[in-house]
Amino acid sequence: MKTFKEAVRTRDFVVTARIALRPETDATVIRQQANLLREYVDAILLTDNQFGQLHMSTLAASALLIQNNVDPIMQLGCRNKNRIALLSELFGAAALGVTSLLLVRGNKVTKEINPKPKAVLDVNATELIAIAMTMKSDQQVGTFSKFFIGGSVIPHDPESGWIPEKLTNKISAGAQFMQMSICMDMDLLRRYMRHLIANKLIRRISVIAGTVILPSANAARWLIENRTNVKIPDEIINRLEQATDPEQEGIKICTELLQQMAEIPGISGVNIMSGGNLNAIPTAIKAAHLNS
């Protein structure tokens, strides 16, 4: 089985995808999605109850992906679990053969979730990265040494003299890669990457960009209104609005962005999310000539 960890080390540009975990997602659905994406991606990212969405644990989903010969990137968030529960998940991940971890704070629960659960936040993302790194360095537990540890980052327009303190702290704690939130603004992405290069951070981590295949202008607006970290330029929304076939236009836009991202200095790969039909992901990857 090819792994994300190996791909980052051996390829100039890696491709991963995020699959949707929902309350109705079961082993059959995981198997179907794995079969659809296996030939086109280096790994599949599994998000941990983002924004309070309910679904099977990423630990269980990771086990199912491994059974179906697809490498998981298992996200683990601090919002819903205390220190003991997080450690238990890490022990479980190591036992199952998970090698790539995306350790995050966890997004705020949306207003639609009722009753609203209380946030735990026993540790923050940087502390969780440090915990995983400590476990990885423990010679008595050899399975942890395989962990490829990642964190999350939000691309933005830094002010003059900006020092990426939070990002640097995550790297110092042990992060080896950074997964960006969705950014479809290529000019902003280029400016942000120039700052990371200027601060010599690219020498220490691999940076994975994030994008989404939008099926409509309304889907783009929903993301902007409900996901504050998502960056979608007006130009893209206008293209979707004016298109006779918005779904095909969304795939075309993603294809163009993938090709541009592959040329941006400092970016090691991309994670693709589908805002509609999952079949659009292989279509865009093939069109961009990024097949694994």
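Predicted model: local features only at pLDDT ≥ 70, side-chain atom pairs only at ≥ 80, totals over all residues.
Ile253 is located in helix H10, which spans residues 246-261. With a relative accessible area of 3%, Ile253 falls under the 20% limit and is therefore classed as buried. Beyond its neighbours within four places in sequence, Ile253 makes contact with Met184, Ile236, Arg239 and Leu240. Thr3, in the segment before helix H1 (4-10), is likewise buried, at 11% relative accessibility. When neighbours within four places in sequence are set aside, the contacts of Thr3 are Asp42, Asp71 and Thr99.

Side chains of opposite charge can pair when their charged atoms come close. Eight salt bridges are found in the whole structure. One of them joins Lys81 to Asp48, with 3.0 Å between the closest N and O atoms. Because Lys81 lies in the loop between strand E3 (72-77) and helix H4 (83-96), and Asp48 in the loop between strand E2 (43-46) and helix H3 (58-67), this pair ties together parts that are 33 residues apart in sequence. Lys81 and Asp48 are both buried.

A salt bridge also connects Glu256 with Arg239, at an N to O distance of 2.8 Å. Glu256 belongs to helix H10 and Arg239 to helix H9 (residues 234-242), so parts that are 17 residues apart in sequence are tied together. Glu256 is partly exposed, at 25% relative accessibility, and Arg239 is partly exposed at 23%. Through salt bridges that share partners, Arg239, Glu249 and Glu256 form one network.

Technical notes:
Residues numbered from 1 in each chain as written. Heavy atoms only, no water. Helix = DSSP H or I, 4+ residues; strand = E, 2+ residues; numbered from the N terminus. Buried < 20%, exposed > 50% of the residue type's maximum accessible area, 1.4 Å probe, protein only. Contact = heavy atoms within 4.5 Å. Salt bridge = Lys/Arg side-chain N within 4 Å of Asp/Glu carboxyl O.
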